[in-house]
Structures are given as structure tokens and as C-alpha cells.
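My entries follow in the order I made them.

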Amino acid sequence: MSARAVMVLGTTSHAGKTWLATALCRWYARQGLKVAPFKAQNMSNNARVVPGLDGELGEIGSAQYFQALAARAVPDVRMNPVLLKPERDTASQVVVMGRVRADLAAVPWRERSEQLWPFARDALDALLAENDVVVLEGAGSPAEINLHANDYVNMRSALHARAACLLVTDIDRGGAFAHLFGTHQLLPEAESALIRGFVLNRFRGDARLLAPGPAQLQSLTGVPTVAVLPMWRDHGLPEEDGVFDEAPAGASNGCVIAVVAYPRISNLDEFQPLRSAPDVRLRWARTPAELEGADWIVLPGSKHTSGDLAWLRAQGLDAPIAQHAAAGKRVLGVCGGLQMLGLDLRDPHGVDGSAIGLGLLPLTTQFDRDKLLRATRAQFGDAQGDWAALSGTSFQGYEIRHGRTEARGDVQAVLRNQLGEAIGWQQGSVLGVYAHGLFESADAMRALFGTGTRTLDSVFDGLADFIDEHFEPGVLNRLIQP
């Protein structure tokens, strides 16, 4: 083990671990160091296709994918060796080293954690051996005392890597000092000794008003507060979990795009460019009222297509979507959303569930037992009408799906992958595509909206600049000193 390890822990979920870990990846990479991210286990339906073992492709959480890019590293499955993709409230698909492990899905949580730790440990050891710095991200809180004995994502990983840990809390929620103190006190002494600094995230106001809190906290714990990070909503990094905003985001008078936010929505990080586009108003829709006045309706990916389709109907969203299409307004389905737009879903292997589709595209989808993972170079052919601007546009995307779709009527195949396979169909104003990543393409954004979007590199540099400004001088370098 040659690398120095820095770990970002949180007092709660959504404290700011993911974006801070991403910022650290870019900050250390800018020092000329070889950097890799690592999260032992992630729970998210946002995933990316990356190189796996033995030359095969695999999938990891989108957060670690972006962290790898921030680190100027090639993403691979070791950076997120275990990915749990929720399918229902009580069940998740288990992905280990990039591949689905159906045999582990039914194993009780505690026993499963002990079986998964060796995969995570070996992946971490490999990254530590190959890099100068490994930036680890925890999950939830490290001080969940009911789970602590079997939690390998937080302190077991920290101890194994001998990581210098930062503990971040969301001060905007209130109770920040109590969260920091309580988390520190609930950890065994060998683990709390790894915490090298507290970070107050999302602070609004005059930082001088925090006194004497940080000094008192240090006297109680021996740990200094090393950064007070101001509230920063528009940093540009896709959010890891949930929808980006409950409220609409973007231009108040721009093109209104309503994304249907069903319960098992997946790969929604690909819509981040719309959130920051200058002439777009992005809205998340769960009710018919939230579809009213939309210029576009988007049906995004889904981890449980038949279940989310049933939810969509129960919410009364099917009729407004059909009316929107009948009025000649744009409807876009991506992956699971494409499948919903078709005639029916057939599931002979019990993968997802059979269902009747919305009938807006004459397509039939059958779910195969094996998941298709593919990095995709997608090319639009002769698109028509409202989608004509995409004709000839290509973009680099990815496919993650069990579904295999065939046309059953008069519908135009307008998108093909590098193998020449049809992966997108159009009928009138309705377009369905299997390739994720359309809005991450500058060419596609210019074709659709006449403007590009922020590059990921500029986003990562902005994150690094932000922590460089707001961390105490010298702290980040001291974290990686012996």
C-alpha cells in the first residue's frame, strides 16, 4: 500500500460528501498526483458503464464515475465495487465488481455485508497500490450504532486504508455542532482518532457568528473545524440521489421541460445540463398539474419499468401525456421511458414485469434475463419535424438495460449505435431512445437549444477552486502527509 488515503464522512445522508469528495479528487490531481476515487458500496439507480474485469464492461455509481473524471483517471469497477440499485422499497439489485449478482440479492443484509467486504477490500488495496492518493467516500453516517458492526463502507474502509478523515455536516439544516459532536463520540476511539477535521457545509450568513462554537467543539473533541463552506447551489455537479430540485430550475421564461419523476427513476444525472441551460426551465412532475404548460415531457430511465408505469397511471399522468403528444408537442422517452411509450412489455423471465404500454410508439419490448451494458456512439439519421435538428448529430452515450425492443408498425428508426442497431424511434412528435447521454453532448444541446453547456472539466475545476478558497491554508496538503 503506497497511496495516502483521504476520506469524506458525513453526519447524515445528503451532508455534502459526494461533491466534496469530487472536489478533492480534482484538487489533488491538480497537484500533479495520481488520484483515484473509491466508495465501497453505493446505493443509487444512477450508474455508468465502465471497464470491468477480464476485458468486460461493468457498471458503477455515477458519483464515482464523475469523481474518476475529476481525478483525471479512467473510471473502472474497482472504484465502486458494490452498487445496490433499488427496485422496490425492500429489494435491490446487487452489482459486484460491475456485474449483477442475483445470488446475493436474497441474502440478509448483515450476512451479505460480510460476503461483500472482501470484494471491497481487494479493490481498495489495488487502488492504493497504483496511486498517490485515494479519495474515499463514506455512506450515510459512520455512527449508526445499530449497523456499525457490519458497516464496511465507512470506518472499516477508513481503518483499512489508514485514511485521514474529514467529517462534513449540513449546517443549513440546523443542529450541526450536535451532529458533529455526537458522531465523534459514538465512534470507538480508534476510529474517532482518524477524524482530522470538521467541515461545515452550506453555510449562509456571517461566519463570525459561528464563534465560539468551533473552538468549543475542538476543546470537547480535539478536532478543529477546517472549513466553512458557503451555500452554493449552482456548482454544476449532478446530484447523486433523488431529483435535483423540488422547485423548477433554470430560465423563468425558457422552454419548459417536465421530467416525470416516478419512484424508481434512474440515470437522472444525465439531465443536469438542462438544469443549467440558459433557455430551459426544468420541472420535475409527479402530478398532472405539473405537466401543464410544458413544451416537452420527458419519460426518463427506470429501474422498475412496469412498476413505474403502473405508478404513472395511478397518478393520472397517462392521459395528459397522450394529450400532449396528440397536440403535436414533444415527448421524449429514454431507456425505460422508451419502453413505456411502446405497446407492451413482455417479461418471460420475471425480470421486471409485463404490462401494457402507453401506445405512443408502435414498439414491443421483451426483457431478457441478462443485462446489456454498452458504451455507445449513437448517430441520428433523418429525424423529422420537431426533432429534425438532431439529424446527423452523434453523441457518446451508454446503454444499461434488460429490454430488447422491436418495431411493430409504421415507425421510423432515427438513432443507431456503432453496430448499426436501431436504438431510437420517432413517430410524429414522440421520440424514444435507448442511449443515455443525449443532453451531455454539446452538439446535441446546440442542435436542440442553440447553445452549448458547461464542460465537466470546468465544473471540476470550479469545485477545486471553491475548496481551495474556503479550507484553512495547508489543511489539504497535511491530510496526505505521513
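**Salt bridges**

I began with Glu399 and Arg374, whose side chains meet in a salt bridge at 3.3 Å, N to O. I count a salt bridge where a side-chain nitrogen of Lys or Arg is within 4 Å of a carboxyl oxygen of Asp or Glu. Glu399 is in strand E23 (residues 394–407) and Arg374 in strand E22, so this pair ties together parts that are 25 residues apart in sequence. Both Glu399 and Arg374 are buried. For accessibility I use relative accessible area: buried is under 20%, exposed is over 50%, and partly exposed is in between, with a 1.4 Å probe and protein chains only. Elements are DSSP runs numbered from the N terminus, helices being H or I with at least four residues and strands E with at least two.

I noted the basis of these entries: the model is predicted, local features need pLDDT of at least 70, side-chain atom pairs count only at pLDDT 80 or more, and totals for chains, interfaces and linings use all residues. Residues are numbered from 1 along each chain as its sequence is written, and side-chain values use heavy atoms, with hydrogens and water left out.

How many salt bridges does the rule give? The count comes to 27. I looked up Lys371 and Glu59 among them, and their side chains meet at 2.6 Å, N to O. Lys371 belongs to strand E22 (residues 363–380) and Glu59 to strand E5 (residues 57–61), so the pair ties together parts that are 312 residues apart in sequence. Lys371 and Glu59 are both buried.

I then turned to Arg156, which forms a salt bridge with Glu114, the closest N and O atoms being 3.2 Å apart. This pair links distant parts of the chain, with Arg156 in helix H5 (residues 155–161) and Glu114 in helix H4 (residues 109–130), 42 residues apart. Are these two buried or partly exposed? Arg156 counts as partly exposed at 21% relative accessibility, and Glu114 is partly exposed at 36%.

**Backbone**

I checked phi and omega next. Most residues other than glycine have a negative phi, and most peptide bonds are trans.

Which peptide bond is cis? I found the bond from Ala211 to Pro212 to be cis, with omega near 5°. Pro212 sits in the loop between strand E11 (195–203) and helix H8 (213–221).

His14 has a positive phi, near 65°, and is not a glycine. I placed His14 in the loop between strand E1 (4–10) and helix H1 (17–29). His14 is partly exposed, with a relative accessible area of 46%.

Met97 also has a positive phi, near 50°. Met97 lies in the loop between strand E7 (91–96) and strand E8 (99–100).

**Thr183**

I found Thr183 in helix H6 (residues 176–186). Thr183 is buried, with a relative accessible area of 5%. A polar atom of the Thr183 side chain lies 2.7 Å from the backbone oxygen of His179. I take a polar contact as a pair of N or O atoms within 3.5 Å; within protein, one must be able to donate a hydrogen and the other to accept it, and residues adjacent in sequence count only if both atoms are side-chain atoms.

What does Thr183 contact, leaving aside neighbours within four places in sequence? I listed Thr11, Pro142, Ala143 and Leu167, where contact means heavy atoms within 4.5 Å.

**Phe198**

Phe198 is in strand E11 and is buried, with a relative accessible area of 0%. Not counting residues up to four places away in sequence, Phe198 touches several residues, including Leu167, Leu180, His184, Leu217 and Val226.

**Arg283**

My last entry is Arg283, in strand E16 (residues 280–285). Arg283 is buried, with a relative accessible area of 18%. A polar atom of the Arg283 side chain is 2.8 Å from the backbone oxygen of Glu292. Arg283 and Ala139 are 144 residues apart in sequence and 28 Å apart in space, C-alpha to C-alpha.
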